[in-house]
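Keep the viewer open as you read.

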Amino acid sequence: MDTSPSPIRGQLVDVVNRRIYPAEVHLESGRIAKITQTDRPGNTYLLPGFIDAHVHVESSLLVPSEFARAAVVHGTVATVSDPHEIGNVLGVDGVRYMLDNAAHVPLKICFGAPSCVPASTFETAGATISTAEVAQLLDDPRIGYLSEMMNFPGVLHRDVTVMAKIAAAQQRGKPVDGHAPGLRGDDARRYHAAGITTDHECFTKDEALDKIACGAMISIREGSAARNFDALYTLLDEHPQQCMLCSDDKHPDELQVGHIDVLVRRAVAARIDRFNVLRAACLNPVLHYSLDVGLLREGDPADFIEVDSLDDFRVLRTFIDGQVVAQNGRTTIPRVEPPIVNRFAARERVPADFAVRAKSQRMHVIEALDGQLITRRDIVQPTVVDGLAVADPARDILKLVVVNRYEDAQPAVAFIKNFGLRRGALASSVAHDSHNVVAVGASDEAIFTAVNQVIEARGGLSVVDGQSHHVLPLPIAGLMATGTCEQVAAAYSRLDAAAKELGSRLRSPYMTLSFMALLVIPQIKLSDRGLFDGDRFEFLPLFV
Ligand SMILES: [Zn+2]
Ligand SMILES: [Zn+2]
């Protein structure tokens with residue numbers, strides 16, 4: 001691809017100086033050589049490209065090069081990305097895999113050094129990223145920041161290891177990302193005073209205002225998992241210098257439809273000042289993370305987009321470093337065949353592995369909540385057959401299992417309600433954050449088949465309905481597929497539809513399933529080592 005020799009004409013949206021004027025933009029060697037004001041008003045608009053200020057690329061089930069091909073179509077020119085999903089599977093090698101793959105495509109992905117791998121000491125992850133390794137990663141010029149510091153109790157207690165990681169970033173002049181859902185008042189102040197400068201977990205405006213008062217940048221999140229836009233978007237006008245936009249997790253089917261452009265459109269439709277919206281979408285992340293992303297000024301890298309109007313923001317062309325990387329809904333970035341890397345040692349299971357002897361008439365049950373990562377803790381009477389506690393779909397009490405995928409171990413088994421399957425089972429090797437194999441099902445037979453499908457594929461998503469079963473293989477770390485966004489989105493949509501045919505009324509059954517092993521989010525979750533109380537941070541017996 002070569003740079004465009006003739007000037008690009010259009011109404012130039014100067015996001016820095018808040019003005020719009022007809023202009024000719026001259027490109028040279030990937031940069032903006034000259035901008036001249038003209039008296040020939042163009043009928044399209046030129047503006048800096050959109051930036052996702054916090055996204056785990058792995059959640060798209062795509063490798064960075066494929067994520068890039070899908071995202072540029074929607075005007076995305078850069079992302080700030082935490083590779084901690086693959087980090088939990090493969091450690092520093094996983095982070096390097098993302099850097100190397102991303103180097104093949106022009107999308108400017110700013111990767112962070114994962115700060116919390118593993119997420120807790122109560123589960124088996126594939127790897128640890130030590131303080132020394134964090135420091136080594138931060139020495140790499142391709143690593144732009146220390147990524148989400150989820151261990152907020154550790155920050156509040158000024159834990160030595162946690163503080164050493166923060167100091168390592170600060171010594172290198174790199175920012176530290178926050179993650180402190182629900183933290184308020186003095187705790188929020190202490191958390192941010194430790195040197196943490198962002199938060200993307202706010203779910204109420206009051207919480208965001210507390211953190212803004214601490215000087216934090218707020219990334220307003222609207223993704224496939226958590227949706228906080230409606231609660232927070234008015235901050236864009238009230239604190240325009242402290243807002244960014246992000247998705248955190250974006251599934252392939254939704255990435256195909258839109259990205260940050262969707263949020264820009266929604267904010268403008270909700271009558272937020274256009275310059276404030278674009279400031280959050282295009283400018284603030286560049287300033288905060290010192291990204292090498294152009295802002296449509298002379299001398300800048302030629303990263304910008306051409307849109308049809310400032311209402312619809314339909315992306316006509318996306319330029320990165322002067323190259324046209326997308327045009328009218330299609331990318332021009334060539335596909336890269338990704339190499340396979342993985343860590344998967346689980347052996348095939350038998351149905352008896354999932355049997356549970358009933359020890360009393362009262363057992364703990366995890367209550368799944370639609371559209372939320374948190375769960376509720378409840379106690380119910382088990383349904384007992386031949387002395388065994390069994391799934392009872394008529395009462396919507398299903399079995400939930402976690403199978404350690406890094407070594408051969410006995411599965412952890414618990415029960416879950418509100419998942420809704422009337423028959424069959426689902427399994428997934430995407431299970432935040434350790435990514436063991438998690439499965440839910442209406443019978444031990446179905447669970448065993450679903451789990452073995454994933455084990456056989458060495459990672460993937462599976463669904464079992466009677467004799468029929470399907471699997472979407474995720475051979476790259478058990479997290480990512482090798483196909484294109486279109487292929488993976490289609491396969492994912494088929495599995496999602498199959499899960500709903502089994503009776504689940506959850507908006508996104510696989511997403512809910514993937515968070516049932518995330519111990520750091522309350523109230524009660526299942527680790528590969530057993531049932532876990534996320535409020536008290538201790539294991540919990542299944543039977544009371
Ligand atoms: Zn987070
Ligand atoms: Zn995140």
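Start with helix α6: on the face turned away from its buried side sit the exposed residues V160 and Q171. Exposed here means over 50% relative accessible area, buried means under 20%, and partly exposed is in between, using a 1.4 Å probe and protein chains only. The buried residues of α6 are V162, K165, I166, A168 and A169. They cover an arc of only 155° around the axis, so they sit on the same side of α6; the arc is taken from the directions that run from the helix axis to the C-beta atoms. The helix covers residues 160-171, and its 12 residues should span 16 Å at 1.5 Å a residue, which agrees with the 16 Å between its end C-alpha atoms. That expected span is 1.5 Å times one less than the number of residues. Helices (H or I, at least four residues) and strands (E, at least two) are DSSP runs, numbered from the N terminus.

A word on bookkeeping. This is a predicted model, with local features needing pLDDT of at least 70 and side-chain atom pairs counting only at pLDDT 80 or more, while totals for chains, interfaces and linings use all residues. Residues are numbered from 1 along each chain as its sequence is written, chains are lettered from A and ligands numbered from 1 in the order in which they are written, and side-chain values use heavy atoms, leaving out hydrogens and water.

Now for the nonpolar cores. A nonpolar core is a set of buried Ala, Val, Leu, Ile, Met, Phe, Trp, Tyr and Cys residues joined through side-chain atoms within 4.5 Å. The largest one has 171 residues, and F50 and L426 have the most contacts inside it. Helix α13 (residues 274-289) supplies the largest share of this core, nine residues. Another core, of 13 residues, lies apart from it and includes I8, L12, A23 and L296.

Next, look for an open sheet of three strands, in the order β10-β11-β12 with parallel pairing. Both β10 (198-199) and β12 stand at the edges with a single partner strand each, so one side of each has no neighbour in the sheet. Strands pair if DSSP finds at least two bridges between them, and two bridges join β10 to the parallel strand β11 (residues 217-221). Within that pair, T198 stands opposite M217.

Finally, the metals. Donors are N, O and S atoms within 2.8 Å of the metal (3.2 Å for Na, K and Ca); water is not among the atoms, so sites may look incomplete.

E148 bridges the zinc ion (ligand 1) and the zinc ion (ligand 2), which lie 3.4 Å apart. E148 lies in strand β8 and E201 in the loop between β10 and α8 (205-213), so the pair ties together parts 53 residues apart in sequence. The zinc ion (ligand 2) has H54 (NE2), H56 (NE2), E148 (OE) and D248 (OD) as its protein donors. E148 is buried, at 3% relative accessible area, and D248 is buried at 5%.
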